[in-house]
Amino acid sequence: MSWPVSDADLGKLGKTIVKDAKGVITGANVAFGELNLTAPAAKIVEALTYLRDVQGFHQLIDLCGVDYPERPLRFDVVYHLLSMTKNLRVRISVQTDEDTAVPSVVPVFVSADWFEREAFDMYGIFFDGHPDLRRILTDYGFHGHPLRKDFPMTGYVEVRYDEELKRVVYEPVKSVEWRNWDFLSPWEGAEKGFAAMLPGDEKGGK
């Protein structure tokens, strides 16, 4: 296969994979010069094993979540694979909801260990069979999953050190009202005719 790989060659590879995988991988399409595959969530271990052992994609370089809250199966779990021998990447995704766990692929790619923990922490996606599924990026006792589309920008709680209690305390986030400053702000621009001149600007050339 020549480099760069044409969309036509990627399409042929996708059709071959779907045919040979026999129901483990169910769909293929080419977008932006990359091959994208889909699989049932329950078959992801078999799908990645096939891609590793038969197609030569020996490295899992990333695993991430995507949130589509308007869908019944709101989450995509996306696996990015690399073949060093083919100099080729492939993306395969599965769908799941908030309550249905996706089989862990740690037995296939050990690098999935931390990737799956990140997806659990950020999106609340569960992985069945993961050896140590707990938060990895947020603090202990963190409420919610920050990368979900319905997670508030300010979060639910804030952390501060209490001088009286001599420990860190969690408190509900309190909304902050907009303030009207009396002095001039350099962030609002200083173009003549559109905003007031800032002190010192009168020294510039006319």
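Let's start with the lining of the largest pocket, whose residues split into 6 nonpolar, 5 polar and 2 charged (Ala, Val, Leu, Ile, Met, Phe, Trp, Tyr, Cys and Pro count as nonpolar, Asp, Glu, Lys and Arg as charged, the others, Gly among them, as polar). Bear in mind that this is a predicted model, where local features need pLDDT of at least 70 and side-chain atom pairs pLDDT 80 or more, while totals for chains, interfaces and linings use all residues. Residues are numbered from 1 along each chain as its sequence is written, and side-chain values use heavy atoms, with hydrogens and water left out.

The largest pocket has a volume of about 170 Å³, which is the space filled by probe spheres set on grid points joined across faces, edges and corners. Of its 13 lining residues, L37, T38, D76, V78 and S93 are the closest to the centre. A pocket here is an open set of points on a 1 Å grid over the protein atoms alone, where a 1.4 Å probe fits, with protein on both sides within 12 Å along at least five of seven lines; lining residues have an atom within 4 Å of a point.

Strand 2, strand 4 (75-83) and strand 5 (88-96) each give two or more residues to that lining, and strand 5 supplies the largest share, 4 residues. Strands are DSSP runs of E, at least two residues, numbered from the N terminus.

Now find N36, in strand 2 (residues 34-38). N36 counts as buried because its relative accessible area is 12% (buried means under 20%, with a 1.4 Å probe and protein chains only). Its side chain makes a polar contact of 2.3 Å with that of R91 (N or O atoms within 3.5 Å, one able to donate a hydrogen and the other to accept it; residues adjacent in sequence count only if both atoms are side-chain atoms).

Methods. Buried < 20%, exposed > 50% of the residue type's maximum accessible area, 1.4 Å probe, protein only.
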